[in-house]
Amino acid sequence: YREFGIADNFINENDEDELLAVLSHEIGHLKHKKNIYNYLRYIFISMLLIVLIVVLTHLPFFNKLYIYFLQAFNIKTLNILLLGEVIVTLFRPIMRMLSIFNNYVSRKEEYEADDNAVKEGYGEALIQTFKTLSSDELVDVNPAPIIEFIEFDHPGMYNRIHHIHQQIQEKNLNKEETYGQNNIQTYSHKS
């Protein structure tokens, strides 16, 4: 699945380098085949939840809990809505843990896609895009680390910009090392 979209107002309001930076970022997702992995992960999680629901509803504990709820609310017959609410209540902690895990994976994938934009030479343009977006939108630029860890599926803008700056510096250092090694090799060949 190789498809992504960019809003028309983004194309109209940003310059060419910023558009190329965003395209490089999105291509980074495609290069790492994140869409395929995400689909497989969601299928696995869905199947896991279905299995857990089937297993839980057949455990004696669940039946006792369900009977307790029926008696507590003085209900005489099977109530599917109440059964659904019990299942949702039991699964809320599991869903929270899965959400935290998915958010962690998503943030990691965003950093990898940002790295692709830096590799293609659009790091500074991507930073400018993030600054523009964060000033135009109601974005928490630097959320508390625990809030970002639990709730955010994208890194905060401050963290992303900091990460991109680090990647640009590493790229520049690697260029200097390569340039220095080439000069040494050239000098040694002349001698």
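Predicted model: local features only at pLDDT ≥ 70, side-chain atom pairs only at ≥ 80, totals over all residues.
Visitor: Which elements does the chain have, and in what order do they run?
Guide: The chain has eight helices and zero strands. From the N terminus on, the order is α-α-α-α-α-α-α-α.

Visitor: How does the chain's radius of gyration stand against that of a compact globule?
Guide: The chain has 25 Å. For a compact globule of 191 residues, the value would be near 16 Å. The box filled by the C-alpha atoms is roughly 95 × 40 × 35 Å along the principal axes.

Visitor: How many of the residues count as buried?
Guide: The share is 29% of the 191 residues.

Visitor: Why is Glu 110 called buried?
Guide: Buried means under 20% relative accessible area. Glu 110 has 7%, so Glu 110 is buried. Its place is in helix H5, residues 80–119.

Visitor: Why is Glu 26 called partly exposed?
Guide: Glu 26 has 21%, so Glu 26 is partly exposed. This residue sits in helix H2, residues 16–31. Its C-alpha atom is separated by 28 Å from that of Met 95, 69 residues apart along the chain.

Visitor: Why is Arg 160 called buried?
Guide: Arg 160 has a relative accessible area of 5%. The cut-off is under 20%, therefore Arg 160 counts as buried. Arg 160 belongs to helix H8, residues 157–190.

Visitor: What makes the pair Glu 110 and Arg 160 a polar contact?
Guide: Their side chains make the contact at 3.1 Å. A polar contact needs a pair of N or O atoms within 3.5 Å, one able to donate a hydrogen and the other to accept it.

Visitor: Which residues are in contact with Glu 110, leaving aside neighbours within four places in sequence?
Guide: They are His 25, His 29, Asp 153, His 154, Pro 155 and Arg 160.

Visitor: And which residues does Arg 160 touch, not counting residues up to four places away?
Guide: Arg 160 touches His 25, Glu 110, Tyr 111, Asp 114, Phe 130, His 154 and Pro 155.

Visitor: How many side chains of the chain are positive, and how many negative?
Guide: There are 17 positive and 25 negative side chains. The centres of the two sets lie 11 Å apart.

Key: Residues numbered from 1 in each chain as written. Heavy atoms only, no water. Helix = DSSP H or I, 4+ residues; strand = E, 2+ residues; numbered from the N terminus. Rg over C-alpha atoms; globule rule 2.2 N^0.38 Å. Buried < 20%, exposed > 50% of the residue type's maximum accessible area, 1.4 Å probe, protein only. Lys, Arg positive; Asp, Glu negative; His and termini not counted. Charge placed at Lys NZ, Arg CZ, Asp CG, Glu CD. Contact = heavy atoms within 4.5 Å.
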